[in-house]
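Work through the exercises below with the sequence and the model at hand. Each task is followed by its solution in steps.

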Amino acid sequence: MELDLNLVLVLAMFGSFVVLLASGYPVAWVLAGVGVLFALIGEGLGALGYWVDADLLTVGLLVERLYGTMSSYNLVPLPLFIFMGHMLDRSGIAGDLLRAMQSALAGVSGGLALGVTLIGLLLAASTGIIGASVALLGTLALPAMLEDGYQPEFAVGTVAAAGCLGILVPPSIMLVLMADQMRLAVGDLFLGAVLPGLVLSGLYLVYILLATRLRPGLAPPARRGERGEGSPARISWQLARALVPPLALILAVLGSIFAGIASPSEAAGVGAAGAAALALWRRGLDRETLRDVSRRTARTTAFIFAILTGASCFSVVLRALGGDEVIESAVTSLPFGPTGIVLFLMALVFALGFFLDWIEITLIVLPLVYPITQALGVDPIWFTLLVAVCLQTSFLTPPVGPALFYLQGVAPPGIGLPQLYRGVLPFVFLQLIGLAILFAWPELATMLPQWAY
Amino acid sequence: AERVRLRVQSGFQQNMPVIGEMLSRVAEIVETGGRDDVRLRLYDPGKLVPTLQIFDAVASGKIEAGWAWPGYWMGKIPAMTVFGSVPFGPGADEYLAWLYAGGGLELWRELYAPHGVVPIPCGLLPPEASGWFARPIETAEDLRGLKIRYAGLGGKVLERLGASITMLAGSDVFPSLERGVIDATEFSIPSVDREMGFYKVAKHYYFPGWHQPGSVMELIVHRDSWERLSPAQQRYLENACAAGAAWGLARGLATQSEALDFFRSEGVILHRWSDELMQLFRRVSAEVMEEASASDPDFRRVWQSLQDFRERQAEWRELAYPE
Amino acid sequence: MNGSPAGRTLRRLADAIDALSTRVGEAAAWMYPVLVAVLIANVGLRYGLGRGFIELEELQWHLFAAAFLLGFAYTHAADEHVRVDLLRDRQSERTRAWVDLLGALFLLLPFAAIVSYYGYDFFWRSWSLRERSAMPSGLPARYLIKGVLLASMLLLAVQALGSASRSAARLLAPPAREPEGDA
Ligand code: NA
Ligand code: NA
């Protein structure tokens, strides 16, 4: 009887969460509010003499939990990487890269598409604020591609997919948050993500090369003379000038983590300072820019931590009611075996990715899944990176695909959601192939972190 | 009496050797010891609140109980570390004597009372190891400039000797040691250190653990929850803790040589600090304890009680123990 | 632009509260460049002088924590907290105003109020002990950052009232004269 009432409340909690989420009220406050409401309900039922394990004091624990988040060193890199991303966004390096790539790859059919993919990989240093890199590529590269006569679907698909590489390729704020949830070292997860990130971009490049060879209409080669005029030496110089700063920055950040020169927070600080230096060198960093970048950083960080706080409030009440045990035993009792359960969880994350952002999934689902992966004895780095690839894909999947949404905002007139949906389809398929490769060869994720020891 | 179930937020994972097992053992004794009206429900770290927030959560009555190491609350009540462990302080047996028969527990209860918290000694540990070092440390000069993760007053002592004490997220300690962000770290007794895997990345393991010759763990219960228990239930819990502590100490003592064998097979070099360094540590520790006493009256009172007790026992210990 | 005097009052209240949250949040945003500077100083001192400072390391999380906490209300005022847009895109202005009104009153406000209530106790315990870092060489005055936690939740509660006022004002204004988009 006691347990039943708690179980009813657990189910009601999830139900109200889903309904209120759909209302469109900010996710953070829906999570927080549902936690508080069910604590109040528990308080009320307790006063009526029922035995309920959650009451107002349970929500009171949020204060200690929030203070735990405040005083932990795990998440300090997060706002610094966000700062770095916003700063790079303002530095103009993406434009340099694109111009250099255009010159270098002119005459190659699909050259611009290949260039966009490589830039997406380099913008990995922009740390995974997807809105920024997708919008950037959409503004800079998309008009040029359409002008060259690219098939619109192919052009938008390439831009959307390339813009999303940065969320997986380290440094990545998503991986910082996941490391915290899965109690992994940030550096290990960064190292683990290197090969999967390269595999995915490799798949993109191969696809673009094949598709443009098989169907030349997709991407006609740029006409030399209109752009990319110049001697090979000049082009190389231009390319080097554009490539070196972002490469140096990636190397400084990842290198100082991997080589043990700095803690992840310090490396992120170095990255933020490096991006500011780059902005200073390229454009002259004025007070206005610094203020703007700081404010953007403040708002991006705040919405992530608001969801973290809301999820913490929701989960402490859920846990008091025994909800996480219910979930754990439900999942582990599935008749699949460990591999099957991992597949099941992947499918679940993938499906949730149609409707929810990576932040919600990372902060709501990972804490529930963490004890399950422990119980199954699954390699945590591999598992986390599988989730990361799923979530990277969710940026591209309708109806809630942030990359599609950002791209729609900056795309030239005449490019609407239907083109976007059709355009990203092949890339979603490539993502699934990448996921399958990572699933079949866990070494891709575990090899580098292990080799480091 | 009323049936009670205390939610206990633990500061350590239940699967942690010796330390985590000890609390599980206490809960098991409570469950199988004959009363069916007291139960402990254990939560792993962070499930309700993070380890360092346990005291606040219990003091404010949000959870009924917590299990941790008293030294964690040093920022609030500096004297607490004296109950948990101090550099060159007592070993487990001497702690037991002071707490149960030397006035220590009364002081402990008195210090927690204003916070609405009732302490029960609920765990004992053998001496810790002194930590994992990337390079051998032969002289005081070798400590200079060393980047170390070292908790509490022991860290303060090393800082005095020119080391840099650094803070890291728990999950970053291992990779930081591996990659050389830090040069050394201490954690616990060998069998626990084994689980942390430090032997893979640092090959010099130092003894003795002068910074923590013996440790006491506490079960802290919110006063209202405590007073709701009948005297018989209260004794029952205290006894379960005492039995669990004895079991934990036994287990702690019995499993260390196994861990040492394992380390040796992994190529770890086991070192003892040189006499010269031990004397240095002892002298600087005395200074650090003196300063801590001078800056806080409660610290002085507790420290004095422990010192007096140990001095009174010194002659007898010298006579009675073979070495 | 506004229909009733009640609507005007509500809107003025909402504007004032938004201005407060924004001012606090924008001031707090400067902590991020300061945090970058502290980190660079920390690395520099360690490699330059060969020593680290626990005070500087603790300062890192103090800055980080204060900045993200004081950004909650600011980001709400800027309407940048993440929403699930699936249905919201199809809602009428009035429905959205209702969602925002009810959400502010029954989700955000209770949360911010109750965390403020417990946050006060949390702050008070720390203050009465003059709590400091548990690291012997760490920063003193731990109660300050706990005070920031309390302040951020109080500000968020006030912001909930402000945002409720704005939504109520929208509902009071005749639909035909409602301005396009968010204020
Ligand atoms: Na990235
Ligand atoms: Na999606």
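**Exercise 1: Chain A as a whole**

Chain A has 21 helices and zero strands, where helices (H or I, at least four residues) and strands (E, at least two) are DSSP runs numbered from the N terminus. This is a predicted model, in which local features need pLDDT of at least 70 and side-chain atom pairs count only at pLDDT 80 or more, while totals for chains, interfaces and linings use all residues. Residues are numbered from 1 along each chain as its sequence is written, chains are lettered from A and ligands numbered from 1 in the order in which they are written, and side-chain values use heavy atoms, with hydrogens and water left out.

Task: State how the radius of gyration of chain A relates to that of a compact globule.

Solution. 
1. The radius of gyration is taken over C-alpha atoms, and the globule rule is 2.2 Å times the number of residues to the power 0.38.
2. For 453 residues a compact globule would have a value near 22 Å; chain A has 23 Å, which agrees.
3. Along the principal axes, the C-alpha atoms of chain A fill a box of roughly 85 × 45 × 45 Å.
4. Of the 453 residues in chain A, 64% are buried (buried means under 20% relative accessible area, exposed over 50%, partly exposed in between, with a 1.4 Å probe and protein chains only).

**Exercise 2: Helix H3 of chain A**

Task: Find the span of helix H3 of chain A and decide whether its residues are buried or exposed.

Solution. 
1. Helix H3 covers residues 56–70 of chain A, 15 residues in total.
2. The expected span of a helix is 1.5 Å times one less than its number of residues.
3. From first C-alpha to last, H3 of chain A reaches 22 Å, close to the 21 Å expected.
4. In H3(A), 14 of the 15 residues are buried, so the helix is largely enclosed by the rest of the structure.

**Exercise 3: The setting of A:Gln431**

Task: Which residues does A:Gln431 touch, not counting residues up to four places away in sequence?

Solution. 
1. A:Gln431 belongs to helix H20 of chain A, residues 417–440.
2. The relative accessible area of A:Gln431 is 1%, so this residue is buried.
3. Contact means heavy atoms within 4.5 Å.
4. A:Gln431 touches A:Leu200 and A:Tyr204, together with A:Val389, A:Gln392, A:Thr393 and A:Leu396.

**Exercise 4: Chains B and C against the globule rule**

Solution. 
1. Chain B contains 14 helices and eleven strands.
2. Chain C has six helices and zero strands.
3. The C-alpha boxes along the principal axes are roughly 60 × 40 × 40 Å for chain B and roughly 70 × 35 × 30 Å for chain C.
4. Buried residues make up 61% of chain B and 54% of chain C.
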